[in-house]
Amino acid sequence: MKDLILLFALAAAAGFTPQAIAAREAAADVTPVADITFSMRTEISNGQLVFVGNAGAIKDVVNPELRVPEGAVVAITVTNGDGAMHDIAVPDFGVQSDQIVGQGSSTTIVFRAAKAGTFEYVCTIPGHRAAGMFGKLIVGDVEEVVSTAVDIAKNPMEVDTPVGDRAPQHITYDLLTTEVEGRLSDGSTYRYWTFNDTVPGPFLRIRTGDTVTINLKNADDSVNIHSVDFHAVTGPGGGAAVTQVAPGQTKSFTFKALNPGLYVYHCATPMIAHHISNGMYGMILVEPEGGLPAVDREFYIMQGELYTAQKHGSRGLQEFSVDKLLDENPEHLMFNGSMEALTKTYRMEANVGETVRMYFGVGGPNLISSFHVIGEVFDRVFDQASLTSPPLTDVQTTLVAPGGATVVEFKVDYPGKYILVDHALSRAEKGLAGFLHVNGAADPTIFNTSEAIDHASGH
């Protein structure tokens, strides 16, 4: 009580009232008045979770670009339009909202856009960014620089010509090793090392008994030595012992295909794991005599890992991290070289009633894949890519080792979007997904529902 009386006395002597003290303390917590306000809502659109503009220039725009002057105080209000849990954050400005649950609930973040540049706003609920909830915040007069990054994603439909029932031949393949800045995802790039400018490299297709000459040239503008090791080759280093190629040089070797199967090839120049991770892997199919049975659709898919200093989702050029490589902790995982190779860049399609064959391999260099297609069952799995062993039948998920492969076949019986994953499903949050679009009439005896189908869902 004496302390309280003393406080009042000191305040009065200084010309303050207790109410004035309280008002000043409260003022320290007052949020600045916003110069610019944006209003958005959450929705499910085309199978994705998204932000949608509510008013003004961004009205009804999905994941709109928010443009503000440098130094402006910005307020972003988000209203829950789909009932799920959401929030909004702008990590580069250290601001994150409360979580909102239930339709009609809302939250607001207010912050000063104190630096110019292009930044990201995002929902931080696990899985929601991967499902589509992110957009650009552009602060200041930022020039949109046209990216010079090349598209290194490999077309999964490029599977070369089936050998059929032909006799053995002498075949020559020319491989070029390159070092290029390639598109990793929307807004991010990486300095890939490639065979023939794609990740994975070209799908090579031969038969047992063929004699094959490999000419490996290292591009003139490379700064590293490269090589190639074919798991299908019987010989020193699978060819790597004779193809350590300096920039601008070419080296060659010839081998005979002794064993049928689907085999990985990769660079084998130290640090080998670094070269592989950067994109230097591919596959060669050695068909048995008489060739493989014909199917309606064939696809070439490889899983890879990138180890970068920047966290997954960062913008700009991503830099290699040797520490994360040695810790086997990749920031990015992908099918066919980039985050969107098999979801946006290339569209894999089949029709109801067709048989699909997938040639699947793991470039790695480190992680085992648990390959799975959500909503399908593999009718046949040629385990470890052995084409001479009886296939496994009726398989849900199949293991593929780093530097290993498999061949899976299945008939597509029902239309829809089927999601390719590694069933270590946390990896989907780092970019590992692909789509197979199946067209045709639905058979209600196979699958029937009165509910709306959410094509973003699976597990």
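**Stop 1: where domain 1 meets domain 3**

Between domain 1 and domain 3 there is one residue pair in polar contact, with both residues at pLDDT 80 or more; a polar contact is a pair of N or O atoms within 3.5 Å, where within protein one must be able to donate a hydrogen and the other to accept it, and residues adjacent in sequence count only if both atoms are side-chain atoms. On the side of domain 1 that touches domain 3, you'll find two nonpolar, two polar and three charged residues. Here Ala, Val, Leu, Ile, Met, Phe, Trp, Tyr, Cys and Pro count as nonpolar, Asp, Glu, Lys and Arg as charged, and the others, Gly among them, as polar.

Bear in mind that this is a predicted model: local features need pLDDT of at least 70, side-chain atom pairs count only at pLDDT 80 or more, and totals for chains, interfaces and linings use all residues. Residues are numbered from 1 along each chain as its sequence is written, and side-chain values use heavy atoms, leaving out hydrogens and water.

To color the pieces, select 36-139 for domain 1, 170-287 for domain 2 and 297-439 for domain 3 (bounds from an automatic or database domain assignment). The C-alpha centres of domains 1 and 3 sit 31 Å apart. Seven residues of domain 1 contact four of domain 3, contact being heavy atoms within 4.5 Å.

**Stop 2: the UniProt sites**

Now select His 226, His 231, His 266, Cys 267, His 275, Met 280 and His 423, which UniProt lists in an unreviewed entry as "binding site"; such annotations may be inferred rather than shown by experiment, and the positions use the numbering here, with feature names shortened. They spread over 198 residues of sequence and, in space, up to 32.7 Å between C-alpha atoms. Zoom in on His 226, in the loop between β13 (211-218) and β14 (229-230). Helices (H or I, at least four residues) and strands (E, at least two) are DSSP runs, numbered from the N terminus.

**Stop 3**

Most residues other than glycine have a negative phi, and most peptide bonds are trans. So what joins Pro 270 and Met 271? A cis peptide bond, with omega about -10°; Met 271 is in the loop between β16 (261-266) and α3 (272-277). Jump to Gly 364 and Pro 365 for a cis bond with omega near 25°. Pro 365 sits in the loop between β22 (355-364) and β23 (369-374).

Finish at Asp 60, a residue other than glycine with a positive phi, near 65°.
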